[in-house]
Structures are given as structure tokens and as C-alpha cells.
Amino acid sequence: GSIALAVWLKDSASPGASGVYLGEQTIDSAGTPSGSPAMETLVFAVPAAGKAKDFNEISIEVLPDAGHTRVGPRVAIVQFEMTPR
């Protein structure tokens, strides 16, 4: 089945603020039956202006399909890189 990752940027100094949602992207290899790990790169763009300029927390949300309701998806983030524009 398909699995997606969603990214949120938050400022812990602003309690109650919802943060900035950068969207979600599907992990392409999640539906492949190979059984071996596949490396993928997902890119989430941070808006240049707005609430996203001040954040100190990044939350990653795993969004599995209905087929993973009893068995959790096997996903690992090996590297997290922030690249300036």
C-alpha cells in the first residue's frame, strides 16, 4: 500500500500556534514487493515569507494507507538535510 510523509514547522515559543504545514508526499517504493530497503529523497519547500521564517521544531507525520491499520509501516529517516536557497 501507499505511505506518505507530511512535514510541519512549529515555533515552540508560541504555544497554541498551529505551525506551518509544508504538505505531504507519497513514498514511491512503499508499494513495491521487493522486501529490501529503498532509498528515496523527498523535497519539501519552505515558504520564503510568512510564519515559516521562525521555527525551532520540525514534525514528520507518517500517513499510512488503510492496509497498515494493524501493521505499522517500516519507514526510517536516514538523513535530514536543510539546504538554503
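Author: The account below begins with the protein as a whole and then turns to the sheet and some of its residues.

The model is a predicted one. The secondary structure of the protein comprises 3 strands and 0 helices, and the pattern along the sequence is β-β-β. Of the 85 residues in the protein, 14% are buried. The accessible surface amounts to about 6,500 Å², and carbon and sulfur atoms contribute 54% of that surface. Among the contacts in the protein with a separation of 6 or more, 59% are between residues 24 or more positions apart.

The sheet itself is open and is formed by 3 strands in the order β2-β1-β3, with antiparallel pairing. Its edge strands are β2, residues 20-27, and β3, residues 57-64, each of which pairs on one side only. On average, neighbouring strands of this sheet are turned by 20° against each other, direction ignored. In general, the strands of a sheet pair through backbone hydrogen bonds, in either a parallel or an antiparallel manner.

The pairing of β1 with β3 may be considered next. Strand β1 covers residues 3-10 and pairs with β3 in the antiparallel sense over 8 bridges. Within this arrangement, Val-7 stands opposite Ile-60 in β3.

Ser-2 lies in the segment before β1. Leaving aside neighbours within four places in sequence, Ser-2 is in contact with Thr-26, Leu-63, Pro-64 and Asp-65. Although Ser-2 and Leu-63 are 61 residues apart along the chain, their C-alpha atoms are separated by 8.7 Å. The relative accessible area of Ser-2 is 40%, and the residue is therefore partly exposed, since that class lies between the limits of 20% for buried and 50% for exposed.

The structure holds 1 aromatic pair. It consists of Trp-8 and Tyr-21, whose ring centres are 4.8 Å apart and whose planes stand at 50°, so the pair is tilted. The cut-offs explain this term, because planes under 30 degrees apart count as stacked and those over 60 as edge-to-face. The pair links distant parts of the chain, with Trp-8 in strand β1 and Tyr-21 in strand β2, 13 residues apart. Trp-8 has a relative accessible area of 25% and is therefore partly exposed. Tyr-21, at 39% relative accessibility, likewise counts as partly exposed.

Key:
Residues are numbered from 1 along each chain as its sequence is written. This is a predicted model: local features need pLDDT of at least 70, side-chain atom pairs count only at pLDDT 80 or more; totals for chains, interfaces and linings use all residues. Side-chain values use heavy atoms; hydrogens and water are left out. Helices (H or I, at least four residues) and strands (E, at least two) are DSSP runs, numbered from the N terminus. Buried means under 20% relative accessible area, exposed over 50%, partly exposed in between (1.4 Å probe, protein chains only). Contact means heavy atoms within 4.5 Å. Accessible areas come from the Shrake-Rupley method with a 1.4 Å probe; for residues, only the protein chains shown count as cover. Two strands pair if DSSP finds at least two bridges between them. Axes are lines fitted to C-alpha atoms, for helices over the stretch in contact, and angles run from 0 to 180 degrees between N-to-C directions. Rings of Phe, Tyr and Trp (its six-membered ring) pair if their centres lie within 6.5 Å; planes under 30 degrees apart count as stacked, over 60 as edge-to-face and the rest as tilted.
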